[in-house]
Amino acid sequence: MQVRMPDLRRSISAPTEHSGLQQKCHEGVFGGELCPLWESRCDKDLDTLSGYALCLPNLARLQTYRFAEHRPILCVEIKPKCGFIPLCGGVTHELKHRVCRYCMHQHLKVATGKWKQISKYCPLDLYSGNKQRMHFALKSLLQEAQNNLKIFKNGELIYGCADARSPAADWTELAHHLKPFFFPSNGLAGGPHCTRAVIRELVRVITRVLLSGSDKGRAGALRRGPAPRGPRVCEASPFGRSLRRQGKNSPECSGLPKGCLLYKTLQVQMLDLLDIEGLYPLYRRVERYLEEFPEERKTLQIDGPYDEAFYQKLLDLSTEDDGTVAFALTKVQQYRVAMTAKDCSIMIALSPCLQDTSSEQRPVVPSSRSRFAFSVSVLDLDLKPYESIPYQYKLDGKIVNFYSKTVLAKDAAVTPARYKEREDCTLVLRKV
């Protein structure tokens, strides 16, 4: 499982007649297979006169064999989002050192009507490497999927983005679909106990896959990588709040195995060394230079090519500004790559292993009932546009200001005057 991010290189087919290309896209046909993710993108504008088309794999199928398999296949798509809290000095809002971007953004999305209720999911829990926190994060995604989780069965969407019904009704229907894959080992055939057992088994299998590496799916042999900079727990996470109620400042330190996809994704996300607040002045420096020398845009590789030379520049992790355009441009390009990793999706395809299937043939993950062959893919790796940086800067300010004025103000109003969280209390004894 080797992933290089961003994978900006495209496999382009030979020139083809553009007549009928648009029809093919609306049918969702790519490379001879039906793409299960294309239905929601049928209204996208396409350049049908280009004479070229992308040949994309069907990521809802196992990617370990070249031919299509006819066994039942379950596919889980997760958009994990940003897995760390910035610790850089350029951040002016102290709040951003304690609460992650995703949890703050949830409140603005609900207030503007994009979603009906706040999700309990926090990316820091999923990226923690702690199985208890990862289970909590995945269950939270299943309870409030929004657009961060979808489940496909044999290429058909069976779960995700439906917030009109109660989670209990959705889980019952989902468990019905999943029974052939995760029938409870305790023999329960139906009812709420069966539903919970099936969901719990799904969560455990996904966690094992996310923690596995290229070593035949085994996570135990992988060395743990260093924990990301900054706090390990987001203050807005329900998991973090439950720890504080128990009098614990932080959970047990786990960390992600170095070979797993979550670890690799997190490393790319952390190319955002300055946060958007520290990055925006550098973007303005590049903009002023381009206004004076517009012909340099191609030389600076603003629009590509994203070749080996481009990747080499990303390795410069220094944060000491020397005032040059070169420094500013390097940080801008690193930010674009980091934002791409923060918004990518992970596709996990699972298929029950046959009794005679050797575990040496492909990665496998155990469940309480059997074993699953699996493959992990990453999509949505188009490099974030250079022109989107001003929008991200304004959106960041809007998210933080809304959270500060609404959530924190509300919390302060209900907190008793005699005790405020995070405030030291000292008992003074006086002799009478």
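Reply: Start with one term: contact means heavy atoms within 4.5 Å. A second term follows: helices (H or I, at least four residues) and strands (E, at least two) are DSSP runs, numbered from the N terminus. This is a predicted model, where local features need pLDDT of at least 70 and side-chain atom pairs count only at pLDDT 80 or more, while totals for chains, interfaces and linings use all residues. Residues are numbered from 1 along each chain as its sequence is written, and side-chain values use heavy atoms, without hydrogens and water.

Me: Which residues of H8 and H11 meet?

Reply: From H8 come Thr265, Val268 and Gln269. From H11 come Val337, Ala338, Ala341 and Lys342. They divide into 4 nonpolar, 2 polar and 1 charged. Here Ala, Val, Leu, Ile, Met, Phe, Trp, Tyr, Cys and Pro count as nonpolar, Asp, Glu, Lys and Arg as charged, and the others, Gly among them, as polar.

Me: At what angle do H8 and H11 pack?

Reply: The angle between H8 (residues 261–269) and H11 (residues 325–342) is about 145°. Their axes are 7 Å apart. Axes are lines fitted to C-alpha atoms, for helices over the stretch in contact, and angles run from 0 to 180 degrees between N-to-C directions.

Me: What makes Tyr283 and Tyr386 a tilted pair?

Reply: Rings of Phe, Tyr and Trp (its six-membered ring) pair if their centres lie within 6.5 Å; planes under 30 degrees apart count as stacked, over 60 as edge-to-face and the rest as tilted. A search of the whole structure finds 10 such pairs. Tyr283 and Tyr386 have centres 5.1 Å apart and planes at 50°, so they form a pair and the pair is tilted.

Me: What does that pair tie together?

Reply: Tyr283 sits in helix H9 (residues 275–292), and Tyr386 in the loop between strand E8 (371–379) and helix H12 (389–414), so the pair ties together parts that are 103 residues apart in sequence. Tyr280, Tyr283, Tyr386 and Tyr393 form one aromatic cluster.

Me: How do you know that Tyr283 is buried?

Reply: Buried means under 20% relative accessible area, exposed over 50%, partly exposed in between (1.4 Å probe, protein chains only). Tyr283 has 5%, so it is buried. Tyr386 has 2%, so it counts as buried too.

Me: Why is the pair of Phe310 and Tyr311 called edge-to-face?

Reply: The planes of Phe310 and Tyr311 are 80° apart, so the edge-to-face label applies. Their centres are 6.1 Å apart. Both Phe310 and Tyr311 are buried.

Me: Is Arg285 buried or exposed?

Reply: Arg285 counts as buried, because its relative accessibility is 17%. It lies in helix H9. Leaving out residues up to four places away in sequence, Arg285 touches Asp321, Gly323, Thr324, Val325, Phe327 and Ala328.

Me: What makes a nonpolar core?

Reply: It is a set of buried Ala, Val, Leu, Ile, Met, Phe, Trp, Tyr and Cys residues joined through side-chain atoms within 4.5 Å. The largest has 68 residues, and Leu142 and Ile151 touch the most other members. Helix H6 (residues 191–211) gives the most to this core, with 10 residues. A second, separate core of 18 residues includes Leu274, Leu282, Ile302 and Phe327.

Me: Where is the cis peptide bond?

Reply: It joins Gly304 and Pro305, with omega about 0°. Pro305 is found in the loop between H9 and helix H10 (308–313).

Me: How many helices and strands does the protein chain have?

Reply: The chain has 12 helices and 8 strands. Of its 432 residues, 46% are buried.
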